[in-house]
Amino acid sequence: MVFSSLSFLFLFFPVTFLLYVAVPNAKFRNALLIFASLLFYAWGEPVYILLLLASVVVNWLLALLLGRRETGRKAIIAVAVVLNIGLLVVFKYSGFLVETVNALFRLSLPVPAIRLPIGISFFTFQTLSYVIDVYRDKSSLQKSLPRLLLYISFFPQLIAGPIVKYHDIQDQLERRTLSFDRCAYGFKRFLYGLAKKVLIANVMAVTADYVFGLPASSLTAFAAWLGAVSYMLQIYFDFSGYSDMAIGLGKMFGFDFKENFRYPYASVGIKDFWRRWHISLSTWFKEYLYIPLGGNRKGKARTYLNQLIVFACTGLWHGANVTFLVWGLFHGLFLILESANIIPVKKAEKHPAARFLLRIYTLFVVLVGFVIFRADTMTQAGQVLAAMFTGGPGSAAHLAQAITYLTPWFLCVLVAACAASFPIAPALESRLCRSGAGANGYAAVSYGLSAALFALCILSLAADTYNPFIYFRF
């Protein structure tokens, strides 16, 4: 089940929310949310729900051992890391590893065809971070299995994040505030995310899929750039839209999730980009991999190596494909160039004109990176990039076919997407809210806009069946 489906919008969510409001007791509310979350996951993964439950129980037991033992704790945390990473390796990377071994040693080992459980990367990282936190500080221990199960399985963030750290919502698992203002804000935030997904990401996806589905002989420079820009907008509005919906749903049920995106396409440099893009993942790798590796405390060479390791893992986290690995290393390379001051971001960002050029540089690097990310193979990535910068072998007929995708609706959505990629709305809100009348007027307009967007989303969903979430496969 996805947030942008009619079954979720008109059946699952309203029934769950109304029952939640009707139940006064906190324990019963938790039980309701656990049941609803497991039903939500079982809707798409009826078999792998057992895997999710087993993961939670095993990590709960390991954390209990860590909380009670004074000796042998390193062995326990080592077991936890091996089990959780092993889970990812078996279900996500086993086929990729066998294919790599076959290619390197010219073998013909059978490649396992294991279906990837939805959201396994997200809930595995949450359970692993919880156990590591207990290892570091016993006060993080949660003795109640139901509360830990709610933390891991809570349906707004179960499938595609954001990755929530246990200590960020520890108190909210026991007591939460339910108010009209929180619910109103949460619902508005959910609708904004829904509009991002349905009205922008889905439209961009059609064009991106068309271009990346073309054979190399049909690529033109125009088509390649059109596909690259479309995918760059698709993945941002798809994933940030999901995060907005998750944050909004969490707010309605009394949970405060941290922001996962802060206008990353307005970044000044790649380092700044990763402070704004998929924040929960980048901070997870920083806290649980980069710092344990030594961070920047062991000299420049070791710092650069640590950064490459982290970005290689960031790439592979997204999927078992060489393209994801190269994408991660590509970002890591530019981060190192900025850290070494070869690309002088710190000096340049002090000047307005230089800041503008830095933003262009960042968008260019991110765009090229997403071509690699979207391509099925490095060969395809090379073909698209070659078409972008040297022209493509496609004919005038192929160019004319690509131009047909520039419909009035697509162009309107493209303009709206470009505007929404930058912090124009917050700046306008800040300016209007300096006076009381402005604040009230902006609030009224924002809720009216939410209602209008919701109506447009429903019309779009009723007329269109194209509605996947990119990050569901990660």
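Visitor: How many aromatic pairs does the structure hold?

Guide: A quick note before I count: this is a predicted model, where local features need pLDDT of at least 70 and side-chain atom pairs count only at pLDDT 80 or more, while totals for chains, interfaces and linings use all residues. Residues are numbered from 1 along each chain as its sequence is written, and side-chain values use heavy atoms, with hydrogens and water left out. Now the count: the structure holds 58 aromatic pairs.

Visitor: And how do I describe a pair?

Guide: You give the distance of the ring centres and the angle of the planes. Rings of Phe, Tyr and Trp (its six-membered ring) pair if their centres lie within 6.5 Å; planes under 30 degrees apart are stacked, over 60 edge-to-face, and the rest tilted. Take Tyr 236 and Phe 237: their centres are 4.8 Å apart and their planes sit at 65 degrees, so this pair is edge-to-face.

Visitor: Which kind of pair do Tyr 236 and Trp 277 form?

Guide: A tilted one, with 6.2 Å centre to centre and 35 degrees between the planes. This pair links distant parts of the chain, 41 residues apart: Tyr 236 is in helix H10 (residues 221-252), and Trp 277 is in the loop between helix H11 (270-276) and helix H12 (279-290). Helices here are DSSP runs (H or I, at least four residues), numbered from the N terminus.

Visitor: Are Tyr 236 and Trp 277 buried or exposed?

Guide: Both Tyr 236 and Trp 277 are buried. Buried means under 20% relative accessible area, exposed means over 50%, and partly exposed is in between (1.4 Å probe, protein chains only). Asp 272, in helix H11, counts as buried too, because its relative accessibility is 14%. Leu 39, in helix H2, has 37% relative accessibility, so Leu 39 counts as partly exposed.

Visitor: What does the charged end of Lys 92 sit over?

Guide: The ring of Trp 317, 5.3 Å from its centre. For a charge to sit over a ring, NZ of Lys or CZ of Arg must be within 6 Å of the ring centre and within 35 degrees of the ring normal. Lys 188 gives another case, lying over the face of Tyr 447 at 4.6 Å from the ring centre.

Visitor: Where is Ser 339?

Guide: Ser 339 is in helix H14 (residues 322-339). Between Ser 339 and Gln 307 there are 10.0 Å in space, C-alpha to C-alpha, and 32 residues in sequence.

Key. Helices (H or I, at least four residues) and strands (E, at least two) are DSSP runs, numbered from the N terminus.
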